[in-house]
Amino acid sequence: MAKFPDLQPLTQAVGRQHASALLALGEDVEWHCWTTEHLMADLPEKWSRSLLAVDEWGRPIAYAVASRKGESVHIHQLIVGGEWRGHGVGTALVRRIVEQAEADGSAAVTIGLTSANTGARRLYHRLGFVLVNESEDQLLLELARRGASRVVAIHQPNYAPWCGFFAKMVHSDLFVLLDDVQIPQGRSLVHRTRVAVQGEPRWLSVPCLRSSGMLIKDVALAGEPWPAKHLGTLEHNYGNSRYFQAVMDVVRPVLEVPHSGLAELNIRLIRALATYLEVTTPFLRSSQLPSSGTGQDRIISLVKAVNGSTYLSGPGGRAYQEPEAFEDAGIELRVREYVPIPYEQLTSAFLPGLSALDALFNEGPDARSLLRYQ
């Protein structure tokens, strides 16, 4: 192996000059799909942040494309030529980009990956990046600037949860769905929710196949025609609501598609409702994150795993949370209680604590105004 390569700015002129050679470096990479247009696209600060690695003869052997994205720097592409892989070239490119971002006060450095790109994910994790969002087969990793503030909230993935669930999501920078803890025995909001039926609160329950000690992510759905029953109940009781059809267009595709288990169903429905409410907070499954311990120790571990500085808790956490433990871990404990905000329902008196579906059917997109702490 020749001497370690030199790192140089990948300017627009250099990119144009070496376009063919740079694209050829990724020809054997399954997920690589860049063209000359991708490489030469003009993005904010791209040509002052992107880097080229050349060997001792001046031939391109690796490159990294980065640009400004809001207050952060985003790495769009990192490619290392075959014979140079595993020799620290990719690490050197990323570190140089991170050093520049820290020097100019950027909030964070992010990178998007396909879930199949496990090698790159291991590299970024070694460098301190953490997973901050997942959608389909795409992952978003982030390295936050030292001392940056990040509010993290953690909650079990409930079925069609109430507005308070989404309010916590709105008031956090990252939301962790606790899917690898034991599903509560007996009645639980993980597999049921309340809606208005003939003016009274009634439960909609998802039939599950569960046993004692089973983790939420492992709970299977029972083979019963429950989706049709739930959709029928919603249509019968909310069919005259102002936003019925618009909300059913969001809910129906989720309920009618087969799911591998309860967690997948709940998370898909949470994602769909959050999108309708224009809640953009990224969220992850706890089973995707490195963590340890139980109770508050597990909470602290998860907040640290995503570089959190503040943990947003509901009042129920007071039963087991010790503020001193969070303080010792360098995490601010912030306790907030969601008080239901009345809105117009298809009932004579306001029914608090119903599924967010009730608010959506009656208020539509305006239900987002209900997602706040009083």
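Buried residues make up 51% of the 374 residues in the chain. Buried means under 20% relative accessible area, exposed means over 50%, and partly exposed lies in between, with a 1.4 Å probe and protein chains only. This is a predicted model: local features need pLDDT of at least 70, side-chain atom pairs count only at pLDDT 80 or more, and totals for chains, interfaces and linings use all residues. Residues are numbered from 1 along each chain as its sequence is written, and side-chain values use heavy atoms, with hydrogens and water left out.

**Overall build**

- The chain has 13 helices and 16 strands. Helices (H or I, at least four residues) and strands (E, at least two) are DSSP runs, numbered from the N terminus.
- Along the principal axes, the C-alpha atoms fill a box of roughly 80 × 45 × 40 Å.
- The accessible surface comes to about 17800 Å², and 48% of that belongs to carbon and sulfur atoms. Such areas come from the Shrake-Rupley method with a 1.4 Å probe; for residues, only the protein chains shown count as cover.
- Of the contacts with a separation of 6 or more, 65% are between residues 24 or more positions apart. Contact means heavy atoms within 4.5 Å.

**The seven-strand sheet**

- Seven strands form an open sheet with mixed pairing, in the order β1-β2-β3-β4-β5-β7-β6. Two strands pair if DSSP finds at least two bridges between them.
- β1 (6-9) and β6 (130-135) stand at the edges with a single partner strand each, so one side of each has no neighbour in the sheet.
- From one strand to the next, the twist averages 25 degrees. Axes are lines fitted to C-alpha atoms, for helices over the stretch in contact, and angles run from 0 to 180 degrees between N-to-C directions.
- β1 and β2 (residues 51-54) run antiparallel and are joined by four bridges. L7 has A53 of β2 as its bridge partner.
- T110 is found in β5 (residues 108-114). T110 counts as buried because its relative accessibility is 8%.
- Not counting residues up to four places away in sequence, T110 touches V73, H74, I75, L140, L141 and E142.

**Around strand β9**

- β8 (residues 151-155), helix α7 (residues 163-170) and β9 make a right-handed β-α-β unit. A crossover is right-handed if, with the strands pointing away from the viewer, the path from the first strand over the helix to the second runs clockwise.
- β8 and β9 pair in the parallel sense over four bridges. Here A153 has F175 of β9 as its bridge partner.
- β9 also pairs with β14 (residues 283-285), in the parallel sense over three bridges. There F175 has F283 of β14 as its bridge partner.
- In a regular strand the side chains alternate between the two faces of the sheet.
- In β9 (residues 174-177), L174 and V176 point one way, F175 and L177 point the other way, and all are buried.

**Aromatic rings**

- The structure holds nine aromatic pairs. Rings of Phe, Tyr and Trp (its six-membered ring) pair if their centres lie within 6.5 Å; planes under 30 degrees apart count as stacked, over 60 as edge-to-face and the rest as tilted.
- Y159 and W226 form an edge-to-face pair, 6.4 Å centre to centre with 85 degrees between the planes.
- That pair links distant parts of the chain, 67 residues apart: Y159 is in the loop between β8 and α7, and W226 is in helix α8 (residues 226-238). Y159 and W226 are both buried.
- The rings of Y238 and F361 are stacked, because their centres are 4.7 Å apart and their planes are at 25 degrees.
- This pair also links distant parts of the chain, 123 residues apart: Y238 is in α8 and F361 is in helix α13 (residues 356-363). Y238 and F361 are both buried.
- F165, F166 and F175 are linked into a cluster by ring pairs.

**Helix α11 and strand β15**

- Helix α11 (residues 295-305) is mostly covered, with eight of its 11 residues buried. Among them are I299, I300, L302 and V303.
- The cover over these buried residues includes β6, β8, β15 (310-313) and α12 (323-328).
- Just after α11, N307 takes a positive phi of about 60 degrees.
- S313 lies in β15. S313 counts as buried because its relative accessibility is 2%.
- Leaving aside neighbours within four places in sequence, S313 is in contact with K168, Q321, L333, R334, V335 and R336.
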